[in-house]
Amino acid sequence: MSSPRAEQKQQTRQALMEAALSLMHSGRGFGSLSLREVTRLAGVVPTAFYRHFSDMDELGLALVAEVGQTFRATLREVRRNEFELGGLIEASTRIFLDAVQANHNQFLFLAREQYGGSQAVRQALGELRQLITDDLAADLRLMNRLPQLDDAALGVLSDLVVKTVFATLPELIDPPAANLPPHLQPEAKITQQLRFIMIGGKHWQGLGKGSQSTP
């Protein structure tokens with residue numbers, strides 16, 4: 001059992017992280033946030049910040065780790081749906097979109113900061129994306145629904161799926177444009193894109209001699 005002092009320290013650390021996410025909710029990038037405004041919103045003095053993080057980049061890396069945990073937990077639920085229930089792309093997409101809605105500020109951070117101003121945060125998000133890609137490739141190998149694809153081809157397919165999801169995140173988070181046709185609504189679009197990718201994967205021969213044939 002943790003001590004009250006340790007619990008208070010963890011609460012303060014979490015308050016600083018939530019303050020940064022809250023400030024970003026107004027439309028700002030992480031790189032534009034100052035230490036003073038983060039601590040002000042968290043209700044602590046600036047010197048207290050350094051008991052938890054050496055600088056703002058380290059705070060950003062903690063946010064990457066947090067959204068990474070949420071993202072990977074969501075994908076575990078998607079995998080459970082696929083392995084145990086035989087779920088379709090639509091069902092898996094719904095699980096993911098529900099997680100985005102339930103953890104809006106975390107996914108907002110991910111959507112914006114993959115192209116943001118902090119190099120350390122961008123690199124950490126790139127590493128997270130690769131980790132998720134590797135997880136997906138391993139899952140596809142276990143499912144054995146694309147038996148003609150070798151490990152390299154499964155890696156390419158997984159990379160395309162994950163980059164599609166990452167690229168679509170801003171559209172999933174921000175309200176869609178007015179009068180957008182139903183098939184271009186973010187939820188419908190990402191479902192169709194993932195379906196196209198997986199159908200293409202079923203007919204692709206991989207990175208060997210079959211890939212040289214005419215489509």
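**View 1. The annotated segment, residues 10-71.** The UniProt annotation "domain: HTH tetR-type", which comes from an unreviewed entry, covers residues 10-71, and it is shown here on a predicted model.

**View 2. The whole chain, for orientation.** The secondary structure of the protein comes to 9 helices and 0 strands, so that reading along the sequence gives the pattern α-α-α-α-α-α-α-α-α. Taken along the principal axes, the box filled by the C-alpha atoms is roughly 65 × 45 × 35 Å. Of the 215 residues in the protein, 40% are buried. When contacts between residues at least 6 apart in sequence are considered, 64% of them join residues at least 24 apart.

**View 3. Helix α2 and the residue that follows.** Helix α2 spans residues 35-42, and its buried residues are L35, E37, V38, T39 and A42. In an α-helix there are 3.6 residues a turn, so residues three or four places apart point the same way. Just after α2 comes G43, which takes a positive phi of about 80°.

View 4. T74 is found in helix α4, which runs over residues 56-85. Buried means under 20% relative accessible area, and T74 counts as buried because its relative accessibility is 8%. If the neighbours within four places in sequence are left aside, T74 is in contact with I95, F96 and A99.

**View 5. The packing of helix α6 with helix α8.** Helix α6 (residues 104-113) and helix α8 (residues 151-173) pack at an angle of about 130°, and their axes are 9 Å apart. On the α6 side the meeting residues are H104, F107, L108, L110 and A111, and on the α8 side they are F166, L169, P170 and I173. Sorted by class, this contact of α6 with α8 has 8 nonpolar residues, 1 polar residue and no charged residues.

View 6. A167 has its place in helix α8. A167 and M17 are 150 residues apart along the chain, and their C-alpha atoms are separated by 24 Å.

Definitions and conventions. Residues are numbered from 1 along each chain as its sequence is written. This is a predicted model: local features need pLDDT of at least 70, side-chain atom pairs count only at pLDDT 80 or more; totals for chains, interfaces and linings use all residues. Side-chain values use heavy atoms; hydrogens and water are left out. UniProt positions are given in the numbering used here, feature names are shortened, and annotations may be inferred rather than shown by experiment. Buried means under 20% relative accessible area, exposed over 50%, partly exposed in between (1.4 Å probe, protein chains only). Helices (H or I, at least four residues) and strands (E, at least two) are DSSP runs, numbered from the N terminus. Contact means heavy atoms within 4.5 Å. Axes are lines fitted to C-alpha atoms, for helices over the stretch in contact, and angles run from 0 to 180 degrees between N-to-C directions. Ala, Val, Leu, Ile, Met, Phe, Trp, Tyr, Cys and Pro count as nonpolar, Asp, Glu, Lys and Arg as charged, and the others, Gly among them, as polar.
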